[in-house]
Amino acid sequence: MGSSTVCGVPNKVRAPRPQYRCAECGFEFAKWVGRCSECQAWGSVEERGASTPLARIVAGAPTSRARPIGEVDIESARATKTGVDELDRVLGGGLVPGAVVLMAGEPGVGKSTLLLEVAYQWSSKVGRSLYLTGEESAGQVRLRAERTGNLHGEMYLAAESDLSAVLGQVDEVKPSLLIIDSVQTMSSMNVDGVSGGVSQVRAVAAGLIALAKERNLPVVLVGHVTKDGSVAGPRVLEHLVDVVLQFEGDRHSTLRLLRGIKNRYGAADEVGCFELRDDGIVGVPDPSGLFLSRRDQAVEGTAVTVIVEGKRPMLGEVQALVTKTNLPAPRRAVSGLDSARIAMALAVLEKRGKVNLFQKDVFTATVGGMKLTEPAADLAVVLAVASAEREIALPADLVVLGEVGLAGEIRRVNGVGKRLAEALRLGFTKALVPPDAGPLPDGVRALVAPDLFTALDVLGLNKGR
């Protein structure tokens with residue numbers, strides 16, 4: 001089997017070389033390596049055996065007849081509202097039959113509480129729901145549902161951790177919504193490995209996705225996250241599902257944000273706001289006021305800006321504190337902001353704005369646990385620091401918008417009119433904006449500044465020089 005004869009001389013046939021593939025992203029290697037060069041994952045390269053040429057493929061009978069796209073029925077793909085408005089906003093209208101949604105978040109952030117609310121609303125308005133838990137007992141989930149008032153006769157609950165048992169529960173209950181908490185705790189008898197491993201998560205996800213597509217059953221999967229906040233498990237898990245949601249929030253705050261990372265049925269950048277209470281979780285349709293400090297008079301070191309999350313403008317407040325230090329290396333502490341971007345903003349402020357930050361500690365933070373990563377908040381950061389250093393407060397009815405470049409110029413941001421309309425609704429009548437900001441809503445007085453030094457001069461922050 002392993003040799004042939006050429007001109008009467010035996011010729012040994014080489015065995016096919018083994019192939020290696022990354023379990024996270026599927027990238028192939030000729031030899032084993034410790035770290036995948038494609039997705040930078042450690043220890044994910046596995047031997048897949050020798051690659052053999054594919055046999056000739058014979059045409060088979062199609063599973064469905066192809067027809068013009070205009071004749072395809074779309075009624076079966078209509079979204080059904082879950083009854084939780086903020087979740088429907090992120091999903092793009094609701095749950096589509098056969099859709100598989102992956103909701104990831106840190107432990108204790110409120111994923112199970114939110115999904116119990118979804119199961120209750122669905123059972124009350126749409127049909128039967130099935131909640132399968134692999135992390136807790138059925139009694140523990142029942143106690144939480146009773147505490148939050150989410151009990152309904154059409155809500156079915158079971159504790160399962162085997163994929164075959166999950167399919168059996170679906171056959172018996174026949175739900176119109178299936179919730180799995182969580183996909184990392186499920187396992188299949190037909191696949192080697194422990195629960196939560198790469199092979200098990202991939203097999204379980206593939207089985208649940210096949211179930212959803214075959215029966216037009218919407219399925220919601222709860223997923224764990226890693227230390228850096230990304231979805232745990234193989235990267236292929238995010239590619240297989242239809243929607244990926246990130247549920248996040250500060251442990252010391254009751255505010256929770258649900259972000260759409262991937263969505264095949266709607267916008268992938270929408271954000272839903274929730275408030276976690278003792279009696280459950282409720283949606284917050286107007287979250288702008290939660291990120292502002294309520295005070296009667298202006299305070300130095302604060303600046304208000306408007307960011308856009310998806311299609312929703314929200315006001316956010318940046319606070320700064322500048323103090324003298326005797327340390328050889330002044331501290332730069334950041335909370336709720338991008339530390340790398342703050343470092344560049346402080347350098348621009350010192351160089352272009354002539355604000356002396358030498359031998360001074362600079363602390364910057366947001367209010368209410370908000371995370372500001374949009375470049376439109378650059379100007380608010382530098383003005384808050386300048387206000388703290390000069391001990392001059394900005395006007396209480398002022399919002400600032402603009403991206404600050406390394407040359408000190410203030411660049412235009414998108415959707416200025418929509419942002420200022422939201423600011424005007426909350427009582428802010430002045431706006432510091434870059435040139436060519438476009439049409440502004442009536443009632444807003446615009447202060448135009450092409451560069452950082454001009455912005456400081458317009459607001460009177462150069463008086464302390």
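This is a short tour of one protein chain, stop by stop, with something to select at each.

Before you click anything: what you have open is a predicted model, where local features need pLDDT of at least 70, side-chain atom pairs count only at pLDDT 80 or more, and totals for chains, interfaces and linings use all residues. Residues are numbered from 1 along each chain as its sequence is written, and side-chain values use heavy atoms, with hydrogens and water left out.

**Stop 1: the domains**

Start by colouring residues 18-48, 77-285 and 290-459, which are domain 1, domain 2 and domain 3 of the chain. These bounds come from an automatic or database domain assignment. Between the C-alpha centres of domain 1 and domain 3 there are 44 Å.

**Stop 2**

A word on labels first: helices (H or I, at least four residues) and strands (E, at least two) are DSSP runs, numbered from the N terminus. Two strands pair if DSSP finds at least two bridges between them.

Now look for the open sheet of nine strands, ordered β8-β7-β9-β10-β6-β11-β12-β13-β14, with mixed pairing. Which strands stand at the edges? They are β8 (155-159) and β14 (280-283); each has a single partner strand, so one side of each is left without a neighbour in the sheet. From one strand to the next, the twist averages 20°. Angles here run from 0 to 180 degrees between N-to-C directions, and axes are lines fitted to C-alpha atoms, for helices over the stretch in contact.

Zoom in on β11 (residues 243-248) and β12 (residues 255-263), an antiparallel pair with six bridges. Pick Phe247 and you'll find its bridge partner, Leu258, in β12.

**Stop 3: helices α2 and α3**

Select α3 (residues 138-148). This helix lies across β7 (129-133), β8 and β14, and runs at about 145° to β8.

To see the contact (heavy atoms within 4.5 Å), show Ser112, Thr113 and Leu116 on α2, then Val141, Arg144, Ala145 and Thr148 on α3. These residues divide into three nonpolar, three polar and one charged. In that count, Ala, Val, Leu, Ile, Met, Phe, Trp, Tyr, Cys and Pro are nonpolar, Asp, Glu, Lys and Arg are charged, and the others, Gly among them, are polar.

**Stop 4: helices α4 and α5**

Next, select 163-173 for α4 and 198-215 for α5, which pack at about 20° with axes 10 Å apart. That makes α4 roughly parallel to α5. Again the crossing is right-handed. On the α4 side you'll find Leu163, Val166, Leu167, Val170 and Asp171, meeting Ala203, Val204, Gly207, Leu208, Leu211 and Arg215 of α5. The tally is eight nonpolar, one polar and two charged.

Two backbone details are worth a click. Lys174 sits in the loop between α4 and β9 and has a positive phi of about 55°, although it is not a glycine. Then find Ser182, in the loop between β9 (177-181) and α5; a cis peptide bond joins Asp181 to Ser182, with omega about 5°.

**Stop 5: a hairpin and its neighbour**

Jump to β15 (residues 302-309) and β16 (residues 312-324), paired antiparallel over eight bridges. They form a hairpin with two residues between them, and Gly310 in the turn has a positive phi of about 70°. Ala303 stands opposite Val318 in β16. β16 also pairs with β18 (residues 360-366), antiparallel over seven bridges; there, Thr323 has Asp361 as its bridge partner.

**Stop 6: helices α7 and α8**

Select 339-351 (α7) and 378-390 (α8): their packing angle is about 55° and their axes are 10 Å apart. That makes α7 oblique to α8. Arg341, Ile342, Ala345, Leu346 and Leu349 of α7 meet Asp378, Val381, Val382, Val385 and Ala386 of α8. This contact divides into eight nonpolar, no polar and two charged.

**Last stop: parallel strands**

Finish at β22 (residues 430-433), joined by three bridges to β19 (residues 398-400), running parallel. β22 also runs parallel to β23 (residues 445-448), with four bridges; here Val433 stands opposite Val448.

Notes
Angles under 35 degrees count as roughly parallel, over 145 as roughly antiparallel, 65 to 115 as roughly perpendicular and the rest as oblique. A crossing is left-handed if the near helix is turned anticlockwise from the far one by less than a right angle, and right-handed if clockwise.
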